[in-house]
Amino acid sequence: MNASALYDVLVIGGGASGLAAAITAARAGKSVCIVERDVACGLKLLATGNGRCNLSNESIDPQRYNHPAFVESVMGPQPEQELMGFFSSLGIMTTSEEGRLYPRSLRAESVRDALLNACDRLGITLICGANVASARKASEGWALQIDRPARALKAKKHDDRKSELRSLRKALADVPRKNEALQAHAVIIATGGNPTGIADTFRLPLTSLRPILCPVSATVFGDRAALKTLDGLRVRARLTLARNHNELWHEDGEVLFRTFGISGVAVFNLSRRIQHGDTILLDVFPDLSKDELLNMLNRRVELLGGFSPRDPRWLDGMLAPQLSRVVCTAFEQCHPGSNDVIHLVSILKHFKLLVKGTAEERSAQVTRGGVSVESISTPSLRARSVVDAPLYVCGEALDIDADCGGFNLAWAWISGIRAASSL
């Protein structure tokens, strides 16, 4: 490749949205180059869905996103069918679990391999380990300077992929680098969750960045020692997020108690909506109404004798022992001197936690924030501020995020396809 290589499309970022954009553009007959800062394209896909790659959802509801009207305008009326067509065109067979869409192989690497194979068949140029240093408008669209490794990366061979990847990244940090000029008629920004440097390069407005889809830091109402007792316990529950006595969101799922708060997929979804001082109410019997639970407890009284909060063993067979102890402590605090199981119903259906904030943010699955959606036209995803040189933004580089369940990857695929289709 010479120093003034010219492409129809240059895609900055080789993740899900960038690969979808590149493949779509190349299928339309355009010459395409991907500039990826990591040692290879598509690596983040390997960690999605616990290594199984939660491709999408069978029902892509715009209300699951932080800017639903914007998302709906971009996705169109039938995003599910469009994505199934895209996956099928790559040779990816799919299966579903509770509405979540996965590759039939249940292996994330098979998705990545299918994408890279398509890039190879279509003649897409991949420049990895590279950064965009500058960009300016030119007669042909855009003139860019990138810095990239001066030679091919060499790493020791390893038996497992993770060790090999660590070795390659170490080699990338140590390899000499060189500058190179590229030209492109159009640029698609698909940098993922931290587009700060690229947004500055192209003078695009950013909203503040913060990690989401992570555990929630919280305390059990009135019992500072409760989370230490519950640490490591998993329960099925319905979670209700409340603020100023108004219920904002409901989510069913498994809750993992930690010493700092709670975790689990349902908790991750709540983490997108919480504020300090909110209340999370856990219903640990979501399959029973209050009346049904009360009837069950009254029958238990007939079988075992009266309930006493001083004897957590009365709850054996209903709750895990550590939860029984915490529930009995809450009962005594809220209803001192009472043994009436009607109050126990209230605690079991409304176990109260006070929200402090998010936790373990370094392991968050998604970043909220990015290029402001107000600066982007829909459905094309073209930047409004740049009139005479085509510039598009897609994927997590935009201020778009969603709940767990394949919604974030669905946005990555669809937005990449849409940006490339708008060229």
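Which element gives the most to the lining of the second largest pocket? In this predicted model, helix H10 does, with three residues. The pocket has a volume of about 200 Å³. Besides H10 (321-334), the elements that give two or more residues to its lining are helix H11 (341-349) and strand S16 (351-358). Residues of the lining include Ala330, Gln333, Cys334, Ser346, Ile347, Phe351 and Lys352. By class, the lining divides into six nonpolar residues, five polar and one charged.

Side chains of opposite charge can pair when their charged atoms come close. The structure holds 22 salt bridges. One of them joins Asp38 and Arg169, with the closest N and O atoms 2.6 Å apart.

Lys44 is in the loop between S2 and S3 and Glu396 in the loop between strand S18 and helix H12, 352 residues apart. Lys44 is exposed, at 55% relative accessibility, while Glu396 is buried, at 16%.

Arg64 and Glu251 meet in a salt bridge of 3.8 Å, N to O. Arg64 belongs to the loop between S3 and helix H2, and Glu251 to strand S13, 187 residues apart. Arg64 is partly exposed, at 23%, and Glu251 is buried, at 11%. Both residues are part of a network of salt bridges that also links Arg272, Arg273, Arg368, Asp401 and Asp403.

Note on methods: Residues numbered from 1 in each chain as written. Predicted model: local features only at pLDDT ≥ 70, side-chain atom pairs only at ≥ 80, totals over all residues. Heavy atoms only, no water. 1 Å grid on protein atoms, 1.4 Å probe; cavity = no way out; pocket = protein on both sides within 12 Å on 5 of 7 lines; lining within 4 Å. Points joined across faces, edges and corners; volume = space filled by probe spheres on them. Helix = DSSP H or I, 4+ residues; strand = E, 2+ residues; numbered from the N terminus. Nonpolar A, V, L, I, M, F, W, Y, C, P; charged D, E, K, R; others polar. Salt bridge = Lys/Arg side-chain N within 4 Å of Asp/Glu carboxyl O. Buried < 20%, exposed > 50% of the residue type's maximum accessible area, 1.4 Å probe, protein only.
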